[in-house]
Amino acid sequence: MSLSPMLEFMVSRMEGLSTNTLRLEVQNQSSNISPQSIIRVTLPQNALLSIPSLAWHMNVQTSGASGAGVTRMANGLDHLINRVSVSIGGQDVASGANFYNVLSRCREVIEGCKLDAGLEHPEIITTGAKNNYVTGDAADISGSEAYPEANNSTQFCVKRWNGFLDSCEPKVLSTDLVSDIVITIFLEQASLAVVAADNVTDASFVTNVSAQVPSYTLNNLYFTVKAFSMANGVVDNLYAEQLASGNLELAFKQYFAFRDTTKSTMRFSVASQSINRIMVAHHENASPNVTDQHPILAAGYNGIGDTSANRVLNLGKVKYIVPYTNFSEPTAAGGKALYEWQLNGAKYPMFRATAEDLLLIARQANGARADLYDKDMGLHQYLSNNFVSCMDLTLDAPSSRFLQGTDSRSTSLSAYYNMFNVTDDKTLTLFVECGSSMFIAPGKQVAVVQ
C-alpha cells in the first residue's frame, strides 16, 4: 500500500506548511578530495524531506598540465561520478549502477536533458574572457581550470540524479519511518572525468601528444536538501494509519549496467518485477590512453579558430566533448549496420532496425516528453557523437509508481543485443531500467523488491 500521488498537492494546500533548506556535511573530509575517492552523507533523522531536492555542492580544480598544456572539466559534472548507492540502516536499498556518468549522458541523449549552465558545467570551456561562463569576463582561462575557493565558495552543483534519488515515489519522505539513510558517491578515475590538451588553440586543443596526465581535486564539499514542517499532525497521522493497515510502499527506478566489447552479440540477464527500458551506448573509445585524453570536437560545431570562411553547420557555438562519453555508430560493411534486442526469443523491434530507426524508437521511448529532445542534434550529430539506442518496454507511465514493464522474476531471462554487418569490435555499455519497490514496516523494517 502506498500514499496517494496527490499527497504533495494536498500538502501544498494545507495551512501551517513551511519549507526550509538544510545544509548537510559529508562524513569524511570535505576538501582535497582526489579521484576514485568515496563520499558519504547521512540524511537528517525525524524530518520531512524532498528526496529529489538533494544537491551536492563543490569546488573543482583540474591539474596535471605541463608547459603550454591545459586541463579541462568535462561537459557535465556527472562525469566525476562512477556510482551512487543508497543504504538504509546499513542495508543496500539501491546499490547503484557502475558507469553512472555514461548513464547520465545516455539519458541526456534520450530525454533531451539540458544541463544548468549556472551550476552543472555543461560545456568544456575553451579560452577567452567571453567564453568563461563561470567567473565572468574578467577571467581568461589559458591554463587549467582552477576556481577560487575563498570563504568556502562552491561554483558547481550536482542537482539531478539517476535512480532512487531522482525517482522515488512519494518524493517527500518522513525519515523517522526508517533508520539512517546514507548516500554514498564513488568518484570516477581522472582519465575518464577530465581532459588534457596541448594548448588552447584550434589545432592543439584536440591533441595530447605530450601525454599529459589530467587529474582533479574537489574542495568545500557539502550537500543541501529541502525540508518541510507542518503545524499539525496530518501527515504523521496519515503515515500511522497506512502502517497500521499494511506496509508503506516506495517505488523507484533502479538501473543495472553491463559492458562488453563485441561486433555481433552482447548477452545480459536481469531478474526484475518490471523491466521498463533498455539503453545501449556505443563508445568510440571507452578506455582512452594518455594521448587520447583530449577534447573531441562535436560534429557540426565550429572549432576554436574557425572563421566564417570555414565554418561547418554553425550550430551557434563551439562544442567539445569528453572521449569517454563520445558515442558513435559502428563501422559496417556491405551497407548499413542493423540492430535488434532479443528477450527470451521475442524480438524488439520485430525487424532489424537501422540507425535511423533507432533514433525514432529512442524518441518514442521518451513518452509524453518526446518533444523535449535536443533541437540542435541532427542525424549527423546522433551518429557521430550521440549514438545511443533505446527500447521501451512499457506504456507511457507518468512515474515510477507504475510497475507495468516486463516481469522476469519467474523466468530465466535470456536477453541479447545483436548487431549485424559490423566489421570492428565496439565497446558497449548497456543499462536496464527497472521498477523497484521498497516496503517500510513498523519498527523501521525495510524490504526491497527488485
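Biologist: How much space lies in the largest cavity?

Modeller: Rolling a probe the size of a water molecule over the atoms shows where empty space is left. Here, the largest cavity holds about 130 Å³ of space. Its lining has 14 residues, with Val84, Gly96, Asn162, Gly163 and Phe164 closest to the centre. β5 (81-88), α2, α3 (164-167) and β12 (248-262) each give two or more residues to this lining, and β12 supplies the largest share, 3 residues.

Modeller: One caution: this is a predicted model, where local features need pLDDT of at least 70 and side-chain atom pairs pLDDT 80 or more, while totals for chains, interfaces and linings use all residues. Residues are numbered from 1 along each chain as written, and side-chain values use heavy atoms, without hydrogens or water.

Biologist: How many cavities of 30 Å³ or more are there?

Modeller: The count is 3. On a 1 Å grid, a 1.4 Å probe fits in a cavity but cannot get out; a pocket is open, with protein on both sides within 12 Å along at least five of seven lines, and lining residues have an atom within 4 Å of a point.

Biologist: Which residues lie nearest the centre of the second largest pocket?

Modeller: They are Glu108, Lys114, Glu123, Lys319 and Asp374, out of 21 lining residues. α2 (100-111) and α7 (379-385) each give two or more residues to that lining. The largest share, 3 residues, belongs to α2. This pocket has a volume of about 450 Å³, the space filled by probe spheres set on the joined grid points.

Biologist: And how many helices and strands does the protein chain have?

Modeller: The protein chain has 7 helices and 22 strands, as DSSP runs of at least four (H or I) and at least two (E) residues.
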